[in-house]
Amino acid sequence: MLKLSKLILDLAEEALAQPTDKSSRESVAAALLLAHVAWNRAVDPFGGDQAGHYRKVLRALEAENPKCLRELKNRDCETLIQDLARLKAARYPKDDRIIRVCGLTTENNVHVEWHHRGIEGMN
């Protein structure tokens with residue numbers, strides 16, 4: 001099983017207009033958030049923040065850096081999430097992990113906590 005932090009970063013990079021090393025920390029965090037939501041929606045179509053709570057986090061990132069969402073390929077986040085969910089399904093169709101936590105550490109590493117679908121334990 002591949003490391004989920006690597007897979008989610010690869011997915012998040014698909015949402016960025018520039019590579020991660022040329023993108024702001026806030027835009028990378030936004031792309032990771034969208035990839036997190038997309039991943040979970042691809043695993044469980046009734047999961048993955050259907051209510052759009054992720055928008056509150058995006059607003060906080062935008063407050064830190066007003067240009068961060070302009071660094072994404074598309075400012076329509078629901079469209080990006082749908083595109084990323086399709087990519088997840090195509091690239092990793094059998095991966096049933098649900099992401100509980102996903103984000104950047106202070107050292108700019110990707111941190112992911114997850115469990116298999118239907119199992120509430122954490123890895």
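Is Asn65 buried or exposed? I started there, keeping in mind that this is a predicted model.

**Entry 1: Asn65.** I looked up its accessibility and found that Asn65 has a relative accessible area of 16%. Buried means under 20%, so I put Asn65 down as buried. Next I checked where Asn65 belongs: it lies in the loop that runs between helix 3 (54–64) and helix 4 (77–91). Then I went through its partners. Setting aside neighbours within four places in sequence, I got Ser24, Glu26 and Glu71 as contacts of Asn65. With Ser24 there is also a polar contact between the two side chains, at 3.2 Å.

**Entry 2: helix 1 and helix 2.** I turned to helix 1 (residues 4–13) and helix 2 (residues 25–43) and looked at how their axes meet. The axes come within 8 Å and cross at roughly 110°. That makes the two helices roughly perpendicular. I listed who makes the contact: helix 1 brings Leu4, Leu7, Ile8, Leu9, Leu11 and Ala12, while helix 2 brings Ala31, Leu32, Ala35, His36 and Trp39. Sorting the residues of this contact, I noted 10 nonpolar, one polar and no charged.

**Entry 3: the strands.** Last, I followed strand 1 (residues 97–104) and strand 2 (residues 110–116). They pair in the antiparallel sense, over seven bridges.

Notes. Residues are numbered from 1 along each chain as its sequence is written. This is a predicted model: local features need pLDDT of at least 70, side-chain atom pairs count only at pLDDT 80 or more; totals for chains, interfaces and linings use all residues. Side-chain values use heavy atoms; hydrogens and water are left out. Two strands pair if DSSP finds at least two bridges between them. Helices (H or I, at least four residues) and strands (E, at least two) are DSSP runs, numbered from the N terminus. Axes are lines fitted to C-alpha atoms, for helices over the stretch in contact, and angles run from 0 to 180 degrees between N-to-C directions. Angles under 35 degrees count as roughly parallel, over 145 as roughly antiparallel, 65 to 115 as roughly perpendicular and the rest as oblique. Contact means heavy atoms within 4.5 Å. Ala, Val, Leu, Ile, Met, Phe, Trp, Tyr, Cys and Pro count as nonpolar, Asp, Glu, Lys and Arg as charged, and the others, Gly among them, as polar. Buried means under 20% relative accessible area, exposed over 50%, partly exposed in between (1.4 Å probe, protein chains only). A polar contact is a pair of N or O atoms within 3.5 Å; within protein, one must be able to donate a hydrogen and the other to accept it, and residues adjacent in sequence count only if both atoms are side-chain atoms.
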